[in-house]
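Subject: Structure handover

Hello,

Here is the structure I promised to pass on. Please open it beside this email and follow along.

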Amino acid sequence: MVYGICFCPVSQQGDLETLKVADSKSLTEAQREEIFEKIDAAKEYVGWALHILSPNFISTSMQRRTKYNLNALSHDTAIGLIQHALDSGVQLAEVFVDTVGPAEKYQEKLKQQFPELEVTVRAKADSLFPTVSAASICAKVARDRIVKNWKFLENLEDAEMDYGSGYPNDPKTKEWLAQNLDPIFGYPQFVRFSWSTAQLILESKAVPVHW
């Protein structure tokens, strides 16, 4: 999973809108790539950063004895990105965040962490606020490039490498998961074991293991 932050002067949010930023899910891959290049080129008034959580890190976090769930992971990653911007000298005043879990509770959590900032947490914030739209585009472009160019640590010489987009509604991804299951070891580190799509296949086709 890839999380992103984007920042610009409050007075230039309109300039960010002229780049035609939008919810990354509403754009085609070509549109996202084009807008990302514009965001990256607008360095005089736009900054951005990413935090990448590997599938293996998420799996081990969510399946350890004291579970570190996806909501907590998302919240802590967002807090880390905000802190990174502050530590880098960005004079943040307003922060807009796309919610994970109940928006009001998440907003209160961020306000307690950053009492000096004006924090707004909303559902679908990536379609409401230009900076969140831009951050979602940066994160989505990075995520898709990582998936497309993934370097497997495991020896998969005989495996089919056309695994599609990596999303559960992609037939190619479903087919790849079905064909590349090891009944003992499951999947390569490319696959998040805690992902419900993978879990269903593991539970139905892999060998049960009792610890």
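This is a predicted model: local features need pLDDT of at least 70, side-chain atom pairs count only at pLDDT 80 or more; totals for chains, interfaces and linings use all residues.

**Cysteines**

A disulfide is a covalent bond between the sulfur atoms of two cysteines. How many disulfides are there here? The count is zero. The cut-off is 2.5 Å between the sulfur atoms. Take C6. Its closest cysteine sulfur belongs to C138 and lies 5.7 Å away, so the two are too far apart for a bond. Now take C8. The closest cysteine sulfur to that of C8 is in C6, at 6.4 Å, which is also too far for a bond. C6 counts as buried because its relative accessibility is 9%. C8 has 17% and counts as buried too.

**Helices α2 and α6**

Two packed helices are described by the angle between their axes and the distance between the axes. Start with α2, residues 29-41, and α6, residues 130-148. Their axes come within 9 Å and cross at roughly 120°. The crossing is left-handed. From α2, the contact uses E29, R32, E33, I35, F36, E37 and I39. From α6, it uses A134, I137, C138, K140, V141, D144, R145 and K148. What kinds of residue are these? Seven are nonpolar, eight are charged and none is polar.

**Helices α4 and α5**

Next come α4, residues 70-87, and α5, residues 103-113. They pack at an angle of about 40°, and their axes are 11 Å apart. Is this crossing left-handed or right-handed? It is right-handed. On the α4 side, look for S74, H75, D76, A78, I79 and I82. They meet Y106, K109, L110 and Q113 of α5. This contact has five nonpolar, three polar and two charged residues.

**Helix α8**

Last, look at α8, residues 196-205. Which of its residues are buried? They are T197, A198, I201 and L202. Viewed down the axis of α8, the buried residues fall within an arc of 130°, so they line one face of the helix. An α-helix has 3.6 residues a turn, so residues three or four places apart point the same way. The face of α8 turned away from the buried side carries L200, E203 and S204, which are exposed. Helix α7, residues 171-179, is among what covers the buried residues of α8.

Best wishes

How values were computed:
Residues are numbered from 1 along each chain as its sequence is written. Side-chain values use heavy atoms; hydrogens and water are left out. Buried means under 20% relative accessible area, exposed over 50%, partly exposed in between (1.4 Å probe, protein chains only). Axes are lines fitted to C-alpha atoms, for helices over the stretch in contact, and angles run from 0 to 180 degrees between N-to-C directions. Helices (H or I, at least four residues) and strands (E, at least two) are DSSP runs, numbered from the N terminus. A crossing is left-handed if the near helix is turned anticlockwise from the far one by less than a right angle, and right-handed if clockwise. Contact means heavy atoms within 4.5 Å. Ala, Val, Leu, Ile, Met, Phe, Trp, Tyr, Cys and Pro count as nonpolar, Asp, Glu, Lys and Arg as charged, and the others, Gly among them, as polar. The arc is that of the directions from the helix axis to the C-beta atoms.
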